[in-house]
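Hello,

Here is the structure I promised to pass on. My notes follow below it.

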Amino acid sequence: AAELVVNDINAKGGVLGKQVQLLVEDDVCKPEVATNTATKLVSEGVHVVLGHICSGATKAALGIYKDANIPVMSPSATNPDLTQSGDYPNFFRTIASDDAQARMQVDFALDVLNLKKIAVLHDKGDYGKGLAEFAKQFIEADERAELVLYEGITPGAVDYSAVVQKIKRSGAEAVIFGGYHPEASKIVSQMRKKRMDTIFISDDGVKDDTFIKVAQESAEGVYATGPRDTSSNPMAIAAEQAHQKAFGADPGAFFLNAYAATLALLNAIEQAGSTDYAAVTEALRTKDVETPLGKIRFDERGDAIGVGFSMYQVKDGVYVELK
């Protein structure tokens, strides 16, 4: 994504009349490597950083960039603390944080479906459990709602009948599940076999066609949050075609988030009229930029305004975005 954007901008004369140069490093997703990567990039005099990819590695590197007054933007680090702790005023991201999915799931259950009794399950992993803990907090903070069950399941198990029985006994009107599609498909299938019509709401780890293929008719009616559909955005279409042309393959995960982040960083330098830290971060927060994810800028914490999740539902064997 970065290469495509930079080649495009350089062909048009660059930023502030200068060509953009990419310095590429790999932290292999490890916090202990990320600190070395950050130190190296700082010593090479970078003005802005696109990355890191994983939340743990991002967090490890952020302090080094902060001390050097370098803005950092991740296309993929979703850990809420990165923006909510207030520790990293130099950090921005073009992906919504994990708590945004949990917030949407709980609000949807209470406000749209008018449910009261909710069970929350998770797969004990960082992602699934983190999301479930937020859902639990949001339910407990709302007097309309009652958390009737909160439980971790063992990933990879063949049989989830014990937890399905607990859901049934709890009287839950809906289950919110934090985790991935292999476990979700088994739980939903076992619930439907027991003739339970309890509503199932999950996350972007389940908003996956494999879930529908495995759960088959049991998937029908399931809700899941996922990134907003940008497939009709002309910039997204053009970016994906450019990737196909340059690399002979479809882009991978977070490609559009990275494309948007590259555009946002370079636009901020252009708008600021310099690479001055205060001017660039001010521009990121106050100037809109058109991206494949839509028109975005960043809030005080560094989260992108205009980037977020939608609720999807399986209808006739496909996930459909609910408006």
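Start with helix 8, residues 181–193. It has 13 residues and reaches 18 Å from its first C-alpha to its last, close to the 18 Å expected at 1.5 Å a residue. The expected span is 1.5 Å times one less than the number of residues. Helices (H or I, at least four residues) and strands (E, at least two) are DSSP runs, numbered from the N terminus.

This is a predicted model: local features need pLDDT of at least 70, side-chain atom pairs count only at pLDDT 80 or more, and totals for chains, interfaces and linings use all residues. Residues are numbered from 1 along each chain as its sequence is written, and side-chain values use heavy atoms, with hydrogens and water left out.

Buried residues of helix 8 include His181, Ile187, Val188 and Met191. Buried means under 20% relative accessible area, exposed over 50%, partly exposed in between (1.4 Å probe, protein chains only). Their cover includes strand 4 (117–122), helix 7 (161–170) and helix 9 (209–215); contact means heavy atoms within 4.5 Å. Just after helix 8, Arg195 takes a positive phi of about 60 degrees.

Next, the disulfide (a pair of cysteine sulfur atoms within 2.5 Å). The count is one. Cys29 and Cys54 form it, with sulfur atoms 1.7 Å apart. The pair links distant parts of the chain, 25 residues apart. The link of Cys29 and Cys54 is left-handed, with -95 degrees about the S-S bond. Cys29 is partly exposed at 38% relative accessible area. Cys54 is partly exposed too, at 24%.

Best wishes
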